[in-house]
Each structure stands twice: as C-alpha cells, then as structure tokens.
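I opened this notebook to keep track of what I looked up, one entry at a time.

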Amino acid sequence: MGENENIECWLTDMDGVLVHENQAIPGAAELINRWVDTSKRFLVLTNNSIYTPRDLAARLHASGLDVPEENLWTSALATAEFLKDQLKGSSTPGRAFVIGEAGLTTALHEAGMILTDTNPDYVVLGETRTYSFGTITKAIRLILDGARFIATNPDVTGPSAEGPIPATGAIAALITAATDREPYIVGKPNPMMFRSAMNKIDAHSETTGMIGDRMDTDIIAGIEAGLTTVLVLTGITQREDIARYSFRPTQVIDSVADLIKTV
Ligand SMILES: [Mg+2]
C-alpha cells in the first residue's frame, strides 16, 4: 500500500525511463517483472514506429528487459487504430501510401488497410532510415492530389550511437514546406496516443498512471489525458528543469527503482 494504491493500470515511456542507449535502467527489469507477476495491466509506449511489437520485445530482451509483446504500444499501432476509427462506416478498405518500416506497414495491414501508391486516401509518414528523394516526391504529389497527410510522431531527431539522426518530424517539415499542408500527428504529445493505449488495456483515466522522463511530452500529455503523472529523472529532465514549466507532475522520483514498492 502507498501513494499509488489507487492505480490499476500503468502506461510508461520507454527511452529514459526503462532503457538508456540499449541498456536497462536499474530497477526497470524488477518493475516490469512485478507488473507481469501481479497481472497488472500496463503498456510500454514509444513514439518510434520502426519496429513491430515482436521486434521491439526482442530488442528489449537483449537490453535485459522481458516485456511481453502485447504490452508494447508504438506510435505505429496508435496510427493504425486512429485510421481504423476514421474509416469506420466506410464500405471499402482504406488506402494508404506509406513511408516507413515494418512496424508501420504491419500495423496498417493488420488494421485492414491497402498499401498502395495509386489513389490513396492517406499518405502515412513514419520513421525510416532510408528516406529517398523519389518516395518523398511521390508523397508530396499524392498530398497535392488530395491524400490526407498523417505522421506517426513529431520527433525531429532520434538518437544513434554516432549522434542525432533526422526523424519523422523533420521529414514531415520538408513535406509541409513543399505542399503547404500540415500532417495530423498521432504520437506523443498528442493525448490520442494515451487514449488508444488505454482502450487497448481497458484502462480508465482516474485509475491510470503515466511514467515519463519528459515534461513537454509525457507529463503534459498525461495531464491532458487526466492521468496521474510520474516524472523520473533518469532521462532528459533534471530536477532543476521542472521549475521552467507551468505545470507539475503528480510525483517526481529519481528512477523507476523508487516505484517498485508502491505499484
Ligand atoms: Mg523518454
């Protein structure tokens, strides 16, 4: 028993909370194991749309974390859910031109969409390491022809061992510059990402906690979704940064190791 005794479901960010550069953060493995052992409903969230849940589970396993694949929620899955919902009542399957990797194409396929470069309803942009001028040109022309522009996440850079690399938000900005159309962006900080995650585990906002390392994404989106918010200091935010923001998380803790006794 403790301050989190009323929390029935947990959502947690991945990078900076559970892992840091492919290394499990101390306490993360114990927290995940505890949730699994006590049949707690939880999801690990990531804006990264490259990997399928199965690939991601394998990568986390290599980092020392055993997260079942059904406990992973990516911006690719959230985007597929969003499009499925948008297409409800449509008599024909939705058509999408996709720039992205298996994480996104698999999610859209499983949501019943047709992936095509002919007359798509949507251009869906996700994370990829192989952006080509030809593909981006195609996307721009399809959007100018009326396809709706969707992006999995707003992040402009992502981490790599050699330094930052351009990410979905940066490519979206390029396409916006060429088309004068803004994408609808599904991933964090859009609370849509949390709402679709909560639907998946049948969670309710008043009894759900969100753990994150970023005030400007995890915590603000958690507050807007009506969740209990827990900021950890193992990622991007330092304790002295908190005062710069006009909102406060429900709790601030050094790391997820501090949560184990209260969840
Ligand atoms: Mg993070």
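This is a predicted model: local features need pLDDT of at least 70, side-chain atom pairs count only at pLDDT 80 or more; totals for chains, interfaces and linings use all residues.

Entry one. I began with helix α3, residues 75-86, and helix α4, residues 102-110, and found that their axes come within 8 Å and cross at roughly 30 degrees. Angles under 35 degrees count as roughly parallel, and α3 and α4 are therefore roughly parallel to each other. I noted as well that α3 passes α4 in a right-handed crossing. On the α3 side I listed Ala 76, Leu 77, Thr 79 and Ala 80, which meet Gly 103, Leu 104, Ala 107, Leu 108 and Glu 110 in α4. Sorted by class, this contact has six nonpolar, two polar and one charged residues.

Entry two. I then turned to α3 and helix α7, residues 192-200, whose axes lie 10 Å apart and which pack at an angle of about 85 degrees. That makes α3 roughly perpendicular to α7. The residues I found in this contact are Ser 75, Ala 78, Glu 81 and Phe 82 from α3, together with Met 192, Met 193 and Ser 196 from α7. By class they are four nonpolar, two polar and one charged.

Which residues touch the most other members of the largest nonpolar core? Of its 75 residues, I wrote down Leu 18, Val 123, Val 124, Leu 125, Phe 194 and Val 256. The largest share of this core, six residues, comes from α3. Leaving aside residues up to four places away in sequence, I saw that Val 123 touches Phe 97, Ala 139, Leu 142, Ile 143, Ala 147, Phe 149 and Ile 150.

Conventions:
Residues are numbered from 1 along each chain as its sequence is written. Axes are lines fitted to C-alpha atoms, for helices over the stretch in contact, and angles run from 0 to 180 degrees between N-to-C directions. Helices (H or I, at least four residues) and strands (E, at least two) are DSSP runs, numbered from the N terminus. Angles under 35 degrees count as roughly parallel, over 145 as roughly antiparallel, 65 to 115 as roughly perpendicular and the rest as oblique. A crossing is left-handed if the near helix is turned anticlockwise from the far one by less than a right angle, and right-handed if clockwise. Two residues are in contact if their C-beta atoms, placed from the backbone, lie within 7 Å. Ala, Val, Leu, Ile, Met, Phe, Trp, Tyr, Cys and Pro count as nonpolar, Asp, Glu, Lys and Arg as charged, and the others, Gly among them, as polar. A nonpolar core is a set of buried Ala, Val, Leu, Ile, Met, Phe, Trp, Tyr and Cys residues joined through C-beta atoms within 7 Å. A residue is buried if 20 or more other C-beta atoms lie within 10 Å of its own, exposed if 12 or fewer, and partly exposed in between; C-beta atoms are placed from the backbone.
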